[in-house]
Amino acid sequence: MRTTILGRSAAGLFTLMLVLGGCGGSDPETAASAPAATVPPADLVLRGGKIATVDPELGEVEALAVTGHTITAVGSNDDIAAYVGPDTEVMELDGRLVIPGFIEGHGHYLSLGRAKQILDLNTVANWDEVVNMVAVAADQAEPGEWIFGRGWHQDKWDSVPEDAVDGVPRNDSLSAVSPDNPVLLGHASGHAAFANDAALAAAGIDADTDDPPGGTIVRTPEGEATGLLRETAQRLVDDAVDQYNERLTDEQQEALLRQRVQLAAEEALRHGVTSFHDAGADFATIDFFKQLEDEGNLPVRLYVMVRRQSNEEMAEMLPRYKMVAEGNDFLTVRSIKRQIDGALGAHGAWLLEPYEDLPDSTGLVLEPVEEIERTAEIAVEHGFQVNTHAIGTRANRETLDIYQRVWERTGVDGSELRWRVEHAQHIHPDDVPRFGELGVIAAMQGIHCTSDGPWIPTRLGEERTKETSYPWRDLIETGALIGNGTDVPVEPINAIASYYASVSRMMRTGEKFHPEQAMTRGEALRSYTINNAYMAFEEDIKGTLTPGKLADIVVLSQDILTIPEAQIPDTEVDMTFVGGKLAYAR
Ligand SMILES: [Zn+2]
């Protein structure tokens, strides 16, 4: 952030040039001496704050003006006084920090909404608490009614039952408290689910059921299913759940979905998130989002990746689904999500060398390389971005290789395409500089680093952990662009928490996870704003508080750019504006 006097006065001039002089070419002298009365009054003025525009040309300013859904001017309080008319709403910032709206770079929008409709297991201290919550829900449920939950994570508990298998409990206690109600509890990572006996029975899973490709039905030494379904094994329950959901009428299903959209929006706006990269949705869900956008019922701007459609379907349908931002836009579609591996916690990340604590495994390949490669070709053909989930060292290398091969084969300049690696958590040092060289974006999540940090060495060993885990500094210094986010509902959609993780690498243990790789505060703020805008080809309309861009603005209770590091997590979002409208106030 630049705070010099020169920066401020230059910003003031630049603003006046924009407003008075039209688009460029005007002489600053003329602009500055033009009478203030000719400036049209703004709808909204925020003044008396520290406004971090994140625009290097503008630096920090004191005030800004908004007309309609865009920012019309930024500058000193005096500069912006000219925009206050009789109908202008003026808000005093009282010195608070203002930043561009946070852009969630990778999350699951409807899953976030759904997580608010079911049992929230994110903060349970141990397995007993999970069982208690399910017992209460089962007491209130009709026989046969399913009980859903999400967010448990055995590595965050204070204890694990003694008879646990691979660190995860067996489902006996869950089946005991809920014998007649199927129970399905999603892991926080989304890479596993836990079922009681009633749910396993409904899905037809028994001791004889084979593991599906890319998944595991975890079993006791005696060969009985424990209830834990890893990766693609979760899908074995899908049919039973679909069948159960068919009891709802179409209207009821739609009402449930609409509620999810609103619940997700409330969570996002409360945390200052004004745009959200959704990873991703099928065509039917995109149709639904489009309908909501047309009705004016999307409160947060969505950048939706196409997901769960075959290569054949995408080859045919992508042209019809390309939606590029225009005006006060709430839905953009121009990218595809693929997933090459699983998560490290569940030994699903695809590694170059075996796991430290599972020496006969190098992880799981979830979607075959050839299939992703074909997707990449289709993407080139239709001008879509490819965003591939890759967590392990092998997964990251393979993904970069796929991208390179396809660019060479199709003869395109890949550096212009802004293809992404989602998560990019563990990267071999040889592959780190390839991100910058190829122009591949590392769509990372700061909070994953500190959340997973305490147990990463168990999976990778100390040396490999240090060498490959979340190498933000190395990526930045070799020219890569890093995005930021939370992967909500894997982590809460708390941008402040992820920002804090990005600059501190402070874990809940009180220790820092290889802090030499931390981002600076300026880098972390950019990673959450302009970088994420760039990742969506939207840097011309959002990501900085530049006149002409969308008025997506957040007012914070504290100055996260200067306060002592340890105080950052106490920061509150005071106000969130989307397109110039106050969408949340604390
Ligand atoms: Zn995700």
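Mentor: Two residues are in contact if their C-beta atoms, placed from the backbone, lie within 7 Å. Take contacts between residues at least 6 apart in sequence: 71% of them join residues at least 24 apart. The model is predicted.

Now the core. The largest nonpolar core has 169 residues. Leu64, Val98 and Ala442 have the most contacts inside that core. Helix α19, residues 495-504, supplies the largest share, 7 residues. In soluble globular proteins, nonpolar side chains tend to be buried together.

Look at Val98. Neighbours within four places in sequence are left aside here.

Next, strand β8, residues 102-107. Buried residues make up 6 of its 6. Strand β8 pairs with strand β15, residues 273-281, in the parallel sense. The pairing runs over 4 bridges. Gly107 stands opposite Asp278 of β15.

Helix α20, residues 521-528, is mostly covered too, with 6 of its 8 residues buried. Those buried are Arg521, Ala524, Leu525, Arg526, Ser527 and Tyr528.

Finally, the whole chain. The secondary structure comes to 21 helices and 24 strands. Of the 586 residues, 51% count as buried. The C-alpha trace spans about 85 × 55 × 50 Å along its principal axes. A compact globule of 586 residues would have a radius of gyration near 25 Å, and the chain has 25 Å, so the two agree.

Key
Residues numbered from 1 in each chain as written. Predicted model: local features only at pLDDT ≥ 70, side-chain atom pairs only at ≥ 80, totals over all residues. Buried ≥ 20, exposed ≤ 12 C-beta atoms within 10 Å, placed from the backbone. Helix = DSSP H or I, 4+ residues; strand = E, 2+ residues; numbered from the N terminus. Pairing = 2+ DSSP bridges. Core = buried A, V, L, I, M, F, W, Y, C linked by C-beta atoms within 7 Å. Rg over C-alpha atoms; globule rule 2.2 N^0.38 Å.
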